[in-house]
Amino acid sequence: MIQQEKTNDKQDEEIKLDTIAGIGPKTAEKLKGTGYGDVMAIATASASEISTVCDIGVQTANKIIASAREMLNMGYETGLEVLEKRKKIIKLTTASNSFDELLGGGFESGSIIECYGAFGSAKTQLAHQLAVNVQLPIDKGGANGGCLYIDTEHTFRPERIIEMAKAKSMDEKKILENIFIGKAYNSDHQILLVEKAKDMIKEKNIKLIIVDSLMSHFRSDYVGRGSLSDRQQKLNKHLHTLSKLADRFNLVVYITNQVMSKPDMLFGDPTQAVGGHVLHHAATFRIYLRKSKGETRIAKLVDSPNLPDGEILYKITNNGIEDM
Ligand code: GTP
Ligand code: MG
């Protein structure tokens, strides 16, 4: 089983693009430069994507995709293999027992977990807390690993990490040394930071990837209705990369998201997450965060494959996230 995984891994990463039928050195360069650097990315792309990126006909693109698919083992896994994989899942603690329980034990590796909410609802605070907690040993709710922190709003604060680390009697300098911050300046840069992360993940034993916030650049880079389908296509691919990393390296992906209000809504809470159905389907767990009085915050599980929806209270103090 492990042997099999390794073989697939090697196949995907080490097949040279120009050995795929239909791809010459020039096309290979174009593909690499636009984020289609491995066979899996090509095998799962659409013909129109490849055709646009390489400036070739759709038919040729189709042929390239077909041969990429043939080169990969895109086969099935048995239920037993999936079970074995699930046994390796890490549940990363939020530092609040009730928050962990809401998620069936914590933030699950192999998944994308989305938290959305209005400003001040604690999305970024949770990101800081997870970046510390991932470095705890496994029996303390951590993953003994590092954190890759994609910061699109420039709100990462090392001072806050120090506070949180001290509260857990952890060596704050070591903690900061194991958080790798990538400041994304626009959506393409954000995509690139994730696509280039593979080597670093292996080298630094990264067990948590944070994207705070996922949509801010996408929203400002693609303005107007005409560009919406472009945006969704890029977003889809970006999420696919994140999900592939989560699966392959058994790590947690935490993304934060903004909300917009729907003034035409008559019943219920008129806020909803941005990003549309592309994002809705990509996140394995979706959590809605809200502000309450003072330090109190509310987390509501709105979407999960196997857990009941529910709502809990926790608080943010100088120590970080805590139970009420
Ligand atoms: P946006 O990014 O603006 O959408 O908001 P967000 O959801 O990321 O909110 P964030 O996580 O930044 O939460 C901000 C809240 O956390 C503040 O309103 C404070 O109540 C609390 N907070 C932030 N920093 C500290 C701190 O250093 N100490 C304490 N005790 N609370 C803090
Ligand atoms: Mg924030």
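How are α4 and α5 oriented relative to each other? This is a predicted model, and in it helix α4 (residues 47-54) packs against helix α5 (residues 58-71) at an angle of about 115 degrees, with the two axes 8 Å apart. Angles of 65 to 115 degrees count as roughly perpendicular, and α4 and α5 are therefore roughly perpendicular to each other. The crossing of α4 past α5 is right-handed. On the α4 side you'll find Ala47, Ile50 and Ser51, and they meet Val58, Ala61, Asn62 and Ile65 of α5. Sorted by class, that contact has five nonpolar residues, two polar ones and no charged ones.

| Helix pair | Packing angle | Axis distance |
|---|---|---|
| α4 (47-54) and α5 (58-71) | about 115 degrees | 8 Å |
| α8 (123-133) and α9 (158-167) | about 55 degrees | 9 Å |
| α11 (187-195) and α14 (228-248) | about 20 degrees | 10 Å |

Let's take α8 and α9 next. Helix α8 (residues 123-133) and helix α9 (residues 158-167) pack at about 55 degrees, which makes α8 oblique to α9. As α8 passes α9, the crossing is right-handed. From α8 the contact draws on Gln125, His128, Gln129, Ala131 and Val132, while α9 brings in Arg160, Ile161, Met164 and Ala165. By class, this contact of α8 with α9 splits into five nonpolar residues, three polar ones and one charged one.

Now for α11 and α14. The angle here is about 20 degrees, and anything under 35 degrees counts as roughly parallel, so α11 and α14 run roughly parallel to each other. Their crossing is left-handed.

On to the ligand. Which residues come nearest to ligand 1? Of the 15 residues around ligand 1, the nearest are Gly120, Lys123, Thr124, Gln125 and Arg297. Gln125 also turns up in the contact between α8 and α9. Several side chains have polar atoms facing oxygen atoms of the ligand. For Lys123, a polar side-chain atom sits 2.8 Å from an oxygen atom of ligand 1. In the side chain of Thr124, an N or O atom is 2.7 Å from a ligand 1 oxygen atom. For Arg160, an N or O atom of the side chain lies 3.3 Å from an oxygen atom of ligand 1. Arg160 is also one of the α9 residues that contact α8.

Asn144 is in the loop between α8 and β4 (146-151). Setting aside neighbours within four places in sequence, Asn144 contacts Val134, Gln135, Leu136, Pro137 and Asn205. Asn144 and Ile206 are 62 residues apart in sequence, yet their C-alpha atoms are 9.0 Å apart in space.

Asn205, one of those contacts of Asn144, belongs to the loop between α12 (198-203) and β6. What is phi of Asn205? The value is near 50 degrees, which is positive in a residue other than glycine. Most residues other than glycine have a negative phi, and most peptide bonds are trans. There's a peptide bond to check too: the one from Asp212 to Ser213 is cis, with omega near 0 degrees. Ser213 lies in the loop between β6 (206-212) and α13 (216-221).

How values were computed
Residues numbered from 1 in each chain as written. Chains lettered and ligands numbered in written order. Predicted model: local features only at pLDDT ≥ 70, side-chain atom pairs only at ≥ 80, totals over all residues. Heavy atoms only, no water. Axes fitted to C-alpha atoms, helices over the stretch in contact; angles between N-to-C directions. Helix = DSSP H or I, 4+ residues; strand = E, 2+ residues; numbered from the N terminus. Parallel < 35°, antiparallel > 145°, perpendicular 65-115°, else oblique. Left-handed = near helix turned anticlockwise from the far one by under 90°. Contact = heavy atoms within 4.5 Å. Nonpolar A, V, L, I, M, F, W, Y, C, P; charged D, E, K, R; others polar. Near = heavy atom within 4 Å. Polar contact = N/O pair within 3.5 Å; in protein donor to acceptor, adjacent residues only side chain to side chain.
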